[in-house]
Amino acid sequence: MKIDRLLGLIVTIVTALSLERAVGQPLDLSLYTSNGAGFYTNTFDTLGYGTNQTLDGTPTGASGYLAGEWTCYTHATVNYFGTIDSGAPNVSGPGIIDTWTDSFIGEFKNFASYFDYIGGTNFYPNGLPTNASYGVITNGLYQTNEPNRCLGIRQIGAFGDPGASFVLKLASTMPYENFKLSMDLINLDPTSPRETTWQIQYGIADPTIGVPAAFQNIPGLSSIFPNVPGSNHWKTVHINVPNGSINNIDGQVWLRVVTLATSTGSGNRESFAIDNFGLTWTNGDAGCTPATNSITITPPPSPVYANATIQFSVNEGATQPLYYQWRYNGVDVSQVFPSQVVGYSYRSTILTLQNVTTANNGTYDCIVSNVCGGTVYAQTSAPVVLTVTNVPAVSLGYLRTLTSPASGYAPTVPASDLWQVTGLVTTVTNTTSGNTASYYIQDGTGGINLFVTGGASFRPLIGDEITAVGYLNIFQGNLELEADLTGQNNATSVQDLSNNIAAYPVAKLLDWPTEFATSVTNNTVEQGTTNGMGALTGLGSKKGSVCLLTNVYFGTNAGTIINGNYYVHVTSATGLDGFLYFWGAYNPDLQGRVLPSYAYAVKGILFANEVTGGGSFWSGLGVSAWSDVVTNPLSFLSVAYSPTNGATLSWNGIPISDPSWQYAPYSLSTSTNVMGPYTPLLTGVTNVLTTPIIYTDADTNSANKFYRLTSP
């Protein structure tokens, strides 16, 4: 006789019909329902017992079987029901005699139950065992001959730790609700120092695959039960399952006791069992609201750009459970865009599409359905139209025209607008712990700072040509294109195309008085003048571009050793002041360098320097390589003065190693007076490091001329 452990499930126990079910078939609740209520229980005594330790039993015992609605799995996860252990029906013989607690054999087992006996002969009159009886239950004799059984497992590292799962399959829960379940969880090994956490979960079979695609804990209940060594040998649980989770499902529902986390502690793993399982329910027709209300889809915010991940959502106030079929132009969306649909389920209120293109343009709707009183109700939402836009490809100079001088050159376009640009990396301005980095990039029309978030694998070199898609923003006075690669919006992107150092931008010569001094406010330097999507009609922007500053005096900063990022206040020969910024933290070539007292030329990126506290900006020149500070002058001209016409001049380029200086322009000028003024004779000259430069003055109208070279 089995002590009833299902108290509290129902006030009046409904006598279940005597049923014969095919092995491996889900439980049909209608066969256990009478007068508006249902009741199912399994004490697992059908597992049988006998001295030969097999399910077949012997004349001294009883043959046995595991009820067909139960299955045991290993390798279970939150999103996977698991695999079936070899050998049906997944339950071995009744324990390992004498030394079963020390066994290293991982199996699902047919154990003698922890409950009901003292000394192997007497029932507990109240069904509550004590630890004093525990040693008797572990005795091999009683393990073999005890008819009161339970369903268990001996965990080992390769079997069931984690991933062991005891599963009850229900064929359908329609039209039932108010489910309650109860069971005993038993720790059969008081000597095990390990602790295992067991959870009670449910999963609803996806109609497309016939099994649950995911499991979850019962709402409002953690359903987590630690199996603590040396205590908590047994625990009876009573759970009210909230409506809206497993009720009224027209399809299979799986209930499982599962361990999803690896046991903690050391030593042998435990033996664990479940016993005295019970489930009750009532008819669910009353109070059911059919899915007949109007439905509105919430579309993704506009604009939607190519390669983005987008979501549609829908809300319906009918009685759960509700089913959702998302459609594109009247066809199930999972059939039209199978590779783009993320986590598609007929139970999901959200449709997620990744890497959208213009091919996804069209009409979307959702059919929402439920079952009330055995009748299926369905309602189709109002359609919404999706329009995917390709990101416009523009020049960097064009981006700089999209700013307002009156607002500190902040962008005048919506923050949600995306832009695609292609340019050459001219310097690295920041890298932090692999998560964020920033670079200046430049094309033939201008330059801009590129700020990348989440691009740990994107580390271009100076001279690399890249394509980037991002949002336009401003940071400390500097215009930025921001690409967030963390998944916030997959439409933003960066791509390293190639290294083309030979195409490194020609430095633009800065004029101290009008373009660099701290008192300068010049819109042309900031924005430039463009036409259309970037065709230059004027000088073009210098901010963000490689620029050249000549005749630089370091003053009191001379002799300073660069250690990390370093601001330097400099002046011109006439006392105009400005700032250099050495990006030493991100460009090792600058580390440990000693600042000179004077440089003929300094090459770097022209950017905005913000006064502490904000509100005022001036230009700064960012330097990323020591070779960009030129302290050695151009070589002397072969002829600095000619008393006759047609003078032939020759000189060599600057003897420095940085090849990018080959593209820095300088000029040959002439005057009839040594004090000037000098007129450019030859402009746009670039360095040639291997051969002398030879030039013949073709002017035959004047003699007695003086010649000089400008610093690059």
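The side chain of Trp 254 makes a polar contact with the side chain of Gln 252, at 2.8 Å. A polar contact here is a pair of N or O atoms within 3.5 Å; within protein, one must be able to donate a hydrogen and the other to accept it, and residues adjacent in sequence count only if both atoms are side-chain atoms. This is a predicted model, in which local features need pLDDT of at least 70 and side-chain atom pairs count only at pLDDT 80 or more, while totals for chains, interfaces and linings use all residues. Residues are numbered from 1 along each chain as its sequence is written, and side-chain values use heavy atoms, with hydrogens and water left out.

Let's stay with Trp 254 for a moment. This tryptophan is found in strand S16, residues 253-258. Strands (E, at least two residues) and helices (H or I, at least four) are DSSP runs, numbered from the N terminus. Is Trp 254 buried or exposed? With a relative accessible area of 3%, Trp 254 is buried; the cut-offs are under 20% for buried, over 50% for exposed, and partly exposed in between, using a 1.4 Å probe and protein chains only. Not counting residues up to four places away in sequence, Trp 254 touches a list of residues that includes Tyr 73, Phe 81, Val 167, Tyr 202, Pro 212 and Phe 215. Contact means heavy atoms within 4.5 Å. Ser 172 is 82 residues away from Trp 254 along the chain, and their C-alpha atoms are separated by 9.6 Å.

Now step back to the whole protein. It has six helices and 50 strands, and buried residues make up 50% of its 712 residues. Of the contacts between residues at least 6 apart in sequence, 71% join residues at least 24 apart. The protein exposes about 30,000 Å², and carbon and sulfur atoms supply 53% of that area; accessible areas come from the Shrake-Rupley method with a 1.4 Å probe, and for residues only the protein chains shown count as cover.

Strands of a sheet pair through backbone hydrogen bonds, either parallel or antiparallel. An open sheet of three strands runs in the order S18-S20-S23 with antiparallel pairing, where two strands pair if DSSP finds at least two bridges between them. Its edge strands are S18 (296-298) and S23 (350-353), each pairing on one side only. Neighbouring strands of this sheet are turned by 20° against each other on average, direction ignored; the axes are lines fitted to C-alpha atoms, for helices over the stretch in contact, and angles run from 0 to 180 degrees between N-to-C directions.

Strand S20 (residues 310-315) pairs with S23 over four bridges and with S18 over three bridges. Ile 310 stands opposite Leu 353 in S23, while Phe 312 has Leu 351 in S23 as its bridge partner. In S20, the covered face holds Ile 310, Phe 312 and Val 314, and the uncovered one holds Gln 311, Ser 313 and Asn 315.

The last stop is a group of rings. Rings of Phe, Tyr and Trp (its six-membered ring) pair if their centres lie within 6.5 Å; planes under 30 degrees apart count as stacked, over 60 as edge-to-face and the rest as tilted. By this rule there are 30 aromatic pairs. In one of them, Tyr 440 and Trp 583 are tilted, 6.1 Å centre to centre with 40° between the planes. Tyr 440 lies in strand S31 (residues 436-442) and Trp 583 in strand S41 (residues 577-583), so this pair ties together parts that are 143 residues apart in sequence. Tyr 440 is buried at 5% relative accessibility, and Trp 583 is buried with a relative accessible area of 5%.

Why is the pair of Tyr 567 and Phe 579 edge-to-face? The ring centres are 6.1 Å apart and the planes stand at 90°, so the pair is edge-to-face. Tyr 567 is partly exposed at 39%, whereas Phe 579 counts as buried at 18%. Tyr 440, Tyr 567, Phe 579, Tyr 581, Trp 583 and Phe 607 form one aromatic cluster.
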